[in-house]
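Here is a short note to read beside the model. Keep the structure open and follow the points in order.

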Amino acid sequence: MEEVRQQDAVTQKAAMQFKRNATIVTYCLIGVVLLIFIGQFSLTLLPVIRSIQTLQIGAAKLGMGDLCYRFQIQTGDEIEKLAQEFNQMGVKLAESYLQFIGTEVTSC
């Protein structure tokens, strides 16, 4: 009977150690996943957010009448294409405005 109790105690001790190890491994995996998520966020989303902020500031400048403002965004994606379209729009708006007020068209 005593031998069974000792065996049970050893088994319970081993089970507790396994549970602690599993908990440690789980927390380590969660930490690794969080580090990967933060790394991916900083590599992919932050540049996109900065480009969108640049578009927002530039659109506000164009809206306030600074028709010579040009976007300097080189991301190689759709945001860069959108910035190029804004630049073309700025050129056409400046030309139209200068023609409307009767001033000779000059480049910005």
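1. Helices (H or I, at least four residues) and strands (E, at least two) are DSSP runs, numbered from the N terminus. Helix α1 covers residues 2-63, and Phe37 lies in it. This is a predicted model: local features need pLDDT of at least 70, side-chain atom pairs count only at pLDDT 80 or more, and totals for chains, interfaces and linings use all residues. Residues are numbered from 1 along each chain as its sequence is written, and side-chain values use heavy atoms, without hydrogens or water.

2. Look at accessibility next. Buried means under 20% relative accessible area, exposed over 50%, and partly exposed in between (1.4 Å probe, protein chains only). Phe37 is exposed, because its relative accessibility is 55%. Leu46 is also placed in helix α1. Leu46 reaches 27%, so it counts as partly exposed.

3. Now the loop. Which residue touches Thr54, Leu55, Gly58 and Ala59, among others? It is Phe71, leaving aside residues up to four places away in sequence (contact: heavy atoms within 4.5 Å). Phe71 is buried at 4% relative accessibility.

4. Finish with the rings. Rings of Phe, Tyr and Trp (its six-membered ring) pair if their centres lie within 6.5 Å; planes under 30 degrees apart are stacked, over 60 edge-to-face, and the rest tilted. There are two aromatic pairs by this rule. Tyr69 and Phe71 have ring centres 5.3 Å apart and planes at 85°, so this pair is edge-to-face. Phe71 and Phe86 have centres 5.2 Å apart and planes at 50°, so their pair is tilted. Phe71 lies in the loop between α1 and α2 and Phe86 in helix α2, so the pair ties together parts 15 residues apart in sequence.
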